[in-house]
Amino acid sequence: MTDPPVPYRVLDTRPETADTVTFRLAPAGRALPPFAPGQFAMLYAFGVGEAPVSVAGILPDSGLMHTVRAVGAVSRALHRLRSGDVVGVRGPFGTGWDLPLAAGDDLLVVAGGIGLAPLRPLVQAVLAAPQGYGRLNVLVGARSPDDLLYREELGGWALPYCGVTVDRAGAGWPGRVGLVTALLDQARFSPAETTAFICGPEVMIRATARELLHRGVLPQRILISLERNMHCATGHCGHCQLGPLLLCRDGPVVGYDRAEHLLTVREL
Amino acid sequence: MPSATTTRDPAPPACVLDRQGLDALVQALRARGRTVIGPTHRGGAIVLEELRSAAELPYGWGVELDGGHYRVVRREDEAAFAHSAGPQSWKNYLLPERVRQWTADRAPDGELTVRQERHPPASYAFLGVRPCDLRAIAIQDRVLLGGWHRDDAYQARRNGAFLIAVECTEPGATCFCVSMGTGPAAGPGYDIALTEVLDETGHRFLARAGTAEGAEVLAGLPQRDADAATRTAAAEAVESAAGRMGRSMPPVDLHTLMASSLEAERWDEVASRCLTCGNCTMACPTCFCTTTEDITDLTGDHAERWSRWESCYDLDFSHLPGGPVRQSGRSRYRQWLTHKLGTWWDQFGSSGCVGCGRCIVWCPVAIDITEEAHALHQEQLARRAAGEGTP
């Protein structure tokens with residue numbers, strides 16, 4: 001299946017931070033199969049190209065929400081989208097967050113920067129059916145208060161623990177400053193019965209996963225979402241390799257038991 | 001030809017074609033509407049091209065191969081298939097270098113119409129597929145058709161390809177199909193397999209069908225039943241080829257060797273020679289990596305998506321917003337070799353190397369995949385010895 005992109009219309013766009021924008025899409029005609037939290041879409045900006053972008057929200061009537069940081073030609077073109085514009089979408093691709101694995105467990109959702117975007121639909125799914133899980137903890141790290149995604153929404157989540165920390169505080173930041181791992185002391189979880197979901201820069205993922213292992217969380221219960229430059233998303237182009245893994249197919253969500261030794265090799 | 005009444009014999013019936021019979025084969029395939037592609041001598045190399053008659057085959061030409069070295073040489077006999085792998089492979093036809101995938105048009109109101117490219121059905125006959133290359137085709141099938149997503153355009157080209165394998169009787173100095181288990185005898189997957197025999201009795205080809213269509217094509221050719229002498233001569237020629245391989249891989253599990261060699265010192269040594277030019281990936285019959293190109297016309301309202309061969313040696317191949325993951329030549333050579341011999345198993349259930357030797361021949365600085373595997377093996381043995389020596 002090498003299907004071409006399906007047209008989706010932009011419903012609205014909202015600047016999230018200085019370099020990040022959130023937009024909602026609805027199928028212009030035919031809809032793609034449903035996406036699961038943790039999966040990604042290939043978003044096509046007309047004439048510019050495609051970029052892999054995780055779903056930040058799964059909306060009614062096959063709608064999608066995406067949060068995109070401007071880092072290259074395609075994402076800059078996506079930033080120029082206005083309500084009513086049309087983009088191409090392919091997907092869903094990749095492994096999602098394995099929520100059934102976490103049934104009955106305490107949940108640790110740990111996000112760094114834009115890494116909160118693929119975790120948002122996971123949090124929503126758990127909040128919609130909280131009885132299936134133990135305590136839900138959300139730990140968020142960002143470079144600065146201005147780089148925090150979904151600020152208002154974060155405050156509205158009814159959670160046993162929701163912690164936010166920044167690398168550099170600006171004036172008037174009453175919250176914490178430091179690494180996201182420092183929030184683990186406040187989080188409420190029993191390590192042996194915990195599933196963790198981590199997304200962020202690789203260095204933050206490694207540090208968080210190491211700390212969780214140290215605290216007794218099982219490596220196969222630490223799920224991480226990894227980033228590579230997918231071109232085809234169908235396992236045919238070779239770009240998203242991480243050692244034995246083709247991350248468009250075997251990822252982006254991978255168990256730390258499989259990923260740990262791969263993340264310790266430089267330039268793999 | 002023995003008829004269907006002799007189906008007790010599990011071995012497919014064989015027949016013998018002479019040179020006229022071989023030409024009749026080419027003509028029969030052309031008459032069936034197929035474009036016959038095969039080896040021919042042009043521009044100082046044995047290249048793959050459309051053949052209009054079997055007379056275009058490189059009768060009497062052989063090749064002299066070594067690391068970074070390729071010469072066409074005159075043979076003393078008139079053999080047609082006494083040359084090993086050339087600069088191209090069948091992927092040039094099955095997975096062409098550049099393919100348009102879809103086009104998109106934008107209406108004034110912004111509406112997008114996307115049209116999938118409809119490829120005209122290709123109908124090839126490949127004449128002279130070496131056993132190593134037969135395996136290479138099977139490996140690319142697995143990559144492009146064996147997963148959750150299928151490359152439909154590849155599938156169409158592949159379905160339309162009629163494969164005539166020619167067993168290897170003259171291996172080159174860079175060949176190592178025996179250690180990869182891919183030759184010199186033809187494995188499964190062919191429509192017709194030929195073995196060239198040239199002796200005092202004459203120049204002829206032992207032919208077997210591997211599919212119903214292959215049997216049908218053979219049945220229509222001028223031929224005679226296979227005699228014992230031809231069968232024996234063919235078997236001996238292939239067996240003799242197996243003993244004359246120019247190269248070999250270390251006799252270890254290469255998958256495990258690669259997985260345990262990610263931090264080997266040898267990568268620095270090979271990186272000091274490797275130009276990261278990507279020639280090996282272009283010449284390799286299994287390398288499948290592609291990139292995408294998005295283009296627009298001058299109106300800006302018509303866009304196209306093309307896929308194009310790409311090499312893991314390109315710096316941009318591992319591009320991420322923070323910069324390429326594999327910045328050093330060391331890491332890019334390591335990616336290629338460990339993928340080819342190691343992680344290919346994890347991803348697609350087989351090795352990615354078929355032992356054709358093209359990467360050795362077409363490397364401008366003569367880097368030799370078998371030498372590198374041996375060096376990594378030696379380094380592993382030395383590491384183990386040192387580990388065991390220290391309490």
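In this predicted model, B:Glu304 and B:Arg100 are joined by a salt bridge whose closest N and O atoms lie 3.1 Å apart. Between domain 1 and domain 2 of chain B, 4 salt bridges are counted, and 27 residue pairs are in polar contact across this interface. On the side of domain 1 of chain B that touches domain 2, strand E6 (98–106) is among the elements that supply at least two residues each, as are strands E4 (61–66) and E5 (69–74) and helix H3 (131–145). E6(B) gives the most to that side, with 9 residues.

Chain B is divided into domain 1, residues 4–242, and domain 2, residues 254–389. The contact draws 39 residues from domain 1 of chain B and 41 from domain 2. Taken over C-alpha atoms, the two domain centres are 27 Å apart. About 3500 Å² is buried between the domains of chain B, and carbon and sulfur atoms give 59% of this area. Of the area that domain 1 of chain B buries against domain 2, 18% comes from B:Lys91, B:Arg98 and B:Phe176, more than from any other three residues.

Turning to chain A, A:Gln39 sits in the loop between strands E2 (20–27) and E3 (40–45). With a relative accessible area of 14%, under the 20% cut-off, A:Gln39 counts as buried. Its side chain reaches the backbone nitrogen of A:Ala36 at 2.8 Å.

Buried residues in H2(A) include A:Leu116, A:Leu119, A:Arg120 and A:Val126.

Conventions. Residues numbered from 1 in each chain as written. Chains lettered and ligands numbered in written order. Predicted model: local features only at pLDDT ≥ 70, side-chain atom pairs only at ≥ 80, totals over all residues. Heavy atoms only, no water. Helix = DSSP H or I, 4+ residues; strand = E, 2+ residues; numbered from the N terminus. Buried < 20%, exposed > 50% of the residue type's maximum accessible area, 1.4 Å probe, protein only. Polar contact = N/O pair within 3.5 Å; in protein donor to acceptor, adjacent residues only side chain to side chain. Domains from an automatic or database assignment. Contact = heavy atoms within 4.5 Å. Buried area = accessible area lost by both parts, 1.4 Å probe. Salt bridge = Lys/Arg side-chain N within 4 Å of Asp/Glu carboxyl O.
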